[in-house]
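Me: I've got a new model open and would like to talk it through. Could you walk me through some of the side-chain packing?

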Amino acid sequence: MSAKAISEQTGKEFLYKYICTSAAVQNRFRYATVTAETDWDRLTQEHPWLLTERLVVKPDQLIKRRGKLGLVGINLDLQGVREWLKARFMKETTVGKAKGVLKNFLIEPFVPHAQEEEFYVCVYATREGDHVLFHHEGGVEVGDVDAKAQRLMVAVDDKLSEDQVKEQLLTHVPDEKKEILASFIVGLFNLYEDLYFTYLEINPLVVTQDGVYILDMAAKIDATADYICKAKWGDVEFPPPFGREAYPEEAYIADLDAKSGASLKLTLLNPRGRIWTMVAGGGASVVYSDTICDLGGVDELANYGEYSGAPSEQQTYDYAKTILSLMTREKHPLGKVLIIGGSIANFTNVAATFKGIVKAIKDYQGPLKEHEVTIFVRRGGPNYQEGLRVMGEVGKTTGIPIHVFGTETHMTAIVGMALGHRPIPNQPPMDAHTANFLLNASSSAKTPATTRTASFSEPRTSNDVTPAKKSKAGLPPDSLHSILWPLKNMVTGDWKAKATTLFRKHTKAIVWGMQTRAVQGMLDFDYVCSRDEPSVAAMVYPFTGDHKQKFYWGHKEILLPVYKNMADAMKKHPEVDVLISFASLRSAFDSTVEAMQYPQIHTIAIIAEGIPEAQTRKLIKMADEKGVTIIGPATVGGIKPGCFKIGNTGGMLDNILASKLYRPGSVAYVSRSGGMSNELNNIISRTTDGVYEGVAIGGDRYPGSTFMDHVLRYQDTPGIKMIVVLGEIGGTEEYKICQGIREGRITKPVVCWCIGTCATMFASEVQFGHAGACANQASETAVAKNQALRDAGAYVPKSFDELGNVIKTVYDELVANGTIIPAEEVPPPTVPMDYSWARELGLIRKPASFMTSICDERGQELIYAGMPITEVFKEEMGLGGVLGLLWFQRRLPRYACQFIEMCLMVTADHGPAVSGAHNTIVCARAGKDLISSLTSGLLTIGDRFGGALDAAAKQFSKAFDSGMLPMEFVNKMKKDGKLIMGIGHRVKSINNPDMRVQILKDFVKQHFPSTQLLDYALDVEKITTSKKPNLILNVDGLIGVAFVDLLRTCGGFTRDEADEFVEIGALNGIFVLGRSMGFIGHYLDQKRLKQGLYRHPWDDISYVLPEHMSM
């Protein structure tokens, strides 16, 4: 959500820190907080004024009208405060319908003042601008400030001046106080804007001869502006509404949500409840809560929450296990139900998210059975059949009763089943598999008459824009704004026409962002709609250079241009009039502003969720001035069957075909929710001849275009015969539809339902999944809006459950009276399935190009040979342990890990003179990079330098295993004219031993279970050093033979496995890995010493040329 309430202390801290005013703000930072952990002695040390001044004490827990409730202690000393708290602290109190415990209090200095020195001031946001309310009589008895207060609206992007405040707000204020109040209110307004407040109320604001005092304050800030305001806000705590505890699980899910591109929400309503939900989608989650409450489950509803936006398997697992953990803590005598519901997903891979839920169910199968949990599942969307199959399977294998349903079942039907209001079908009918890309021949043969396609396939004419309607006599201008199309800009009074038809058969778009999957989905839709050309002309992606991106157009591959700069894309594609922006919430504002500078753009879809409301309002103002229609933010987009679809709208091709979105019907809809818009596609396709156009305006408080904007477009479009509106709790936009129906501006049948009816049944405020889904007054509740629509003449069902029935009834009437004439179905062209998706569905198989058995990076956590990286560190396995996992796929004993690490240490370097280091140095001094220099050194490793580990291990093993005596082995190698690998050193000898060898030998003798091969090699050394003292067992040789002993005797390998590791070169890897450290050291050393190009001196080269060449 965006607007979140903050505590009074937080609000005052922001004000005291950042307000800029000539008014003397008194008692800055003079407040003390009392909680269960408070140490009074320390509190008085930190705030010595507590001991000397008269005080005020009150709870700081988002409670309204504390004074009237007797929850403010006034004019007390510290002892009086403590006694006042004793009667109330940690006591349960009822405020309205909410019961809660008082446990957080604020103490401030008492301010003696007269009643006439109390004032009321409030600033709050609306779509058009920010309203400043002021009343010259503040305090507890202020009453209905909406009716009493002076009011001033500051339009978006406008500034507030002191003169405006004096003239319009301070008319009843004594002259001597106007200056100070005007300065304070302007400073307060600037603070409100700068810190992204959405609501700021001070009552009373006291003005005495000493200055200004903020006595009581309530505020909300736009939480989505955190990335802008973090430096000033710091870490803001958002307290829960009074009557609801702040649970650690809620904080955990909020943290997951913050770290994810997906949306994860959880609110605990009644942890002892028996009805739990795990719903996909912000809109769907509200619908399920509504239905549970409608069926009498409000007192047993345990939680509200949603997951959406394609969360990963791990994120879904974390979310699901949190729910399952909470619901299996206390038993319920009737057992419990878990509703895993959702609308038809647009782009989320249902099977992938269900994998996470299935994993959680398996982990909690014991507690779930113990608590007698029954699970009901209903879902649709990409690969949903596989997801439902997996969910059904886990029910069979665990013994947990799991009832599974797909798109053939109405979305909320499972609620009635779960609550015992309707029977559970034994074998629910299943829709065709995702792979069935052609519609079943037995499907309904009725479709809209082909004559109606003319309204969207005809060439563009200059009459696309409906002329402004003349105002009806006697209607105030504000009411006209709500019902006229094109819109009037409320602030400037300028008219700028907006197109009635946003999309046609020839519409071209630019997509901002590298969203290849969404673009391919648009192209597949275009192809199945029999468009002549793709609807996407180009893509803009500022993080790469200009290039081409490959896509499919039916069976053939095509290239679409990708531009770094939007200006280039617009210039080269003047036919484009739609921009689809997948920009992030941080860059969406700037990229949209840039797009609106090009007159060719008429429609912009903003997909991003979490754009600060202040930025969205600026975009709306700019769009109104330029005649641009904005769909979004926080939307999946919209779809016009047979013409155009925005991004992922409508889901994958199987859903496009199942919902008959490849050709127009007679019904247009507008919704807030993206997931619910796809559910409407499904409902409308099953009850009517299909969708003509559908738009999801987005879940934010201020969508770029409103319900009324699109309803008026639909009213003025001949091909549309009826309109469906899925409204929502929050805002008053639906009342404009009521007005339009009453005044005759809307004459087509309107079927409307506002979701969020459950909100009035909850004791405390619940913020639903959409930022705008929160009622700030009674008229914004879903119940009030549904009744108003019913009274105005719209078709309003009793519940969402009945929405499909009402749509069908209205449609059947229109068919009966001849308004709609269904036509024969024309099969769409076949679109080949993508290889990757066919494989995902299990329709094809192909040998993998690579196989790996040592590492898996695909999940939430990196895994080494089956061991999660967190376990690697928890067990303190070290570098040797990691090498054991990655090289040998074994968890080696501790001594083996230590030996590996010792080998790496002793082989790390042997000075600059050896060939590998020398090559690295020469390469570094030639100006080459680290990788090239390192590679140059590594290429010298072989049997003569460093690479003797494998050869030594092989030679000594073969001799030992064949039963040769050490003397026989030495004689044979001499006879064959071969060197014994691992024997001999240029510098060290029996009299000047290599300490590296000694260190390793001592460790091996002390820790290895057996050292047969090492002992054999040492016997060979005795023979070779008797001939020549430098023919010692060198480091390569010792590591080689000791490693064979390790592999053969540590208990982790069979003899064949041990021999195989030697054969495939594993031992040389020890030297390569160790010596790489030294080579890198030499490279860095040369760079640090700034050594120039190396040229070998002539006096160190013997020039030996043939005689005839030297003459």
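**Chat about the model**

Reply: Happy to, and let's start at one phenylalanine. Not counting residues up to four places away in sequence, Phe1053 touches Phe888, Arg890, Leu892, Leu1047, Ala1058 and Phe1061. Keep in mind that this is a predicted model.

Me: Where is Phe1053 found, in terms of helices and loops?

Reply: Phe1053 is in the loop that runs between H37 and helix H38 (1055-1063).

Me: And is Phe1053 buried or exposed?

Reply: Buried: the relative accessible area of Phe1053 is 9%, and the cut-off for buried is under 20%.

Me: How far is Phe1053 from Arg890, in sequence and in space?

Reply: They are 163 residues apart in sequence, while their C-alpha atoms are 8.7 Å apart in space.

Me: Which aromatic cluster includes Phe1053?

Reply: One formed by Trp887, Phe888, Tyr895, Phe899, Phe1008, Phe1043, Phe1053 and Phe1061. Phe888 and Phe1061 are also among the residues that Phe1053 touches.

Me: How many aromatic pairs does the structure hold?

Reply: There are 23 aromatic pairs. One of them is Tyr192 with Phe197, a stacked pair with 6.5 Å from centre to centre and 15 degrees between the planes. Both Tyr192 and Phe197 are buried.

Me: Why does the pair of Phe960 and Tyr1016 count as edge-to-face?

Reply: Their ring centres are 5.5 Å apart and the planes are at 70 degrees, and the edge-to-face class takes angles over 60. Phe960 belongs to helix H33 (residues 948-961) and Tyr1016 to helix H36 (residues 1012-1027), so this pair ties together parts that are 56 residues apart in sequence.

Me: How accessible are Phe960 and Tyr1016?

Reply: Phe960 is partly exposed, at 27% relative accessible area. Tyr1016 is buried, at 6%.

Me: Staying with H36, how do the axes of H36 and H37 cross?

Reply: The axes of H36 and helix H37 (residues 1035-1049) come within 7 Å, crossing at roughly 150 degrees. That makes the two helices, H36 and H37, roughly antiparallel, since the cut-off for that class is over 145.

Me: Which residues meet there?

Reply: From H36, Gln1012, Leu1013, Leu1014 and Ala1017 meet Leu1038, Val1041, Val1044 and Asp1045 of H37.

Me: New topic, charges over rings. Which ring does the charged end of Lys232 sit over?

Reply: The ring of Tyr18, at 5.5 Å from its centre. Another case is Arg663, whose charged end sits over the ring of Tyr662, 6.0 Å from the centre.

Me: Now some polar ones. What does the side chain of Asn346 reach?

Reply: The side chain of Asn346 reaches the backbone oxygen of Gly674 at 3.1 Å. The Asn346 side chain also makes a polar contact with the side chain of Asn678, at 3.4 Å.

Me: Where is Asn346 found, and is Asn346 buried or exposed?

Reply: Asn346 is in the loop between strand E17 (336-340) and helix H11 (350-363). Asn346 is buried, with 8% relative accessible area. Leaving aside neighbours within four places in sequence, the residues in contact with Asn346 include Pro382, Val636, Asn648, Thr649 and Met652.

Me: What about Ser325, which residue does its side chain join by a polar contact?

Reply: Arg329: a 3.1 Å polar contact joins the two side chains, Ser325 and Arg329. Ser325 lies in helix H10 (residues 313-327) and counts as buried at 18% relative accessibility.

Me: Why is helix H24 described as largely enclosed?

Reply: Seven of the 10 residues of H24 (residues 733-742) are buried, so the rest of the structure largely encloses this helix. The buried residues are Glu733, Glu734, Ile737, Cys738, Gln739, Gly740 and Ile741. Just after H24, Gly744 takes a positive phi of about 80 degrees.

Me: Let's zoom out. How many helices and strands does the protein chain come to?

Reply: The secondary structure comes to 40 helices and 37 strands. Along its principal axes, the C-alpha trace of the chain spans about 120 × 90 × 80 Å.

Me: And what share of the residues count as buried?

Reply: 55% of the 1111 residues of the protein chain. Among contacts with a separation of 6 or more, 73% are between residues 24 or more positions apart.

Technical notes: Residues numbered from 1 in each chain as written. Heavy atoms only, no water. Phe/Tyr/Trp six-rings, centres within 6.5 Å; stacked < 30°, edge-to-face > 60°. Buried < 20%, exposed > 50% of the residue type's maximum accessible area, 1.4 Å probe, protein only. Helix = DSSP H or I, 4+ residues; strand = E, 2+ residues; numbered from the N terminus. Lys NZ or Arg CZ within 6 Å of the ring centre and 35° of its normal. Polar contact = N/O pair within 3.5 Å; in protein donor to acceptor, adjacent residues only side chain to side chain. Contact = heavy atoms within 4.5 Å. Axes fitted to C-alpha atoms, helices over the stretch in contact; angles between N-to-C directions. Parallel < 35°, antiparallel > 145°, perpendicular 65-115°, else oblique.
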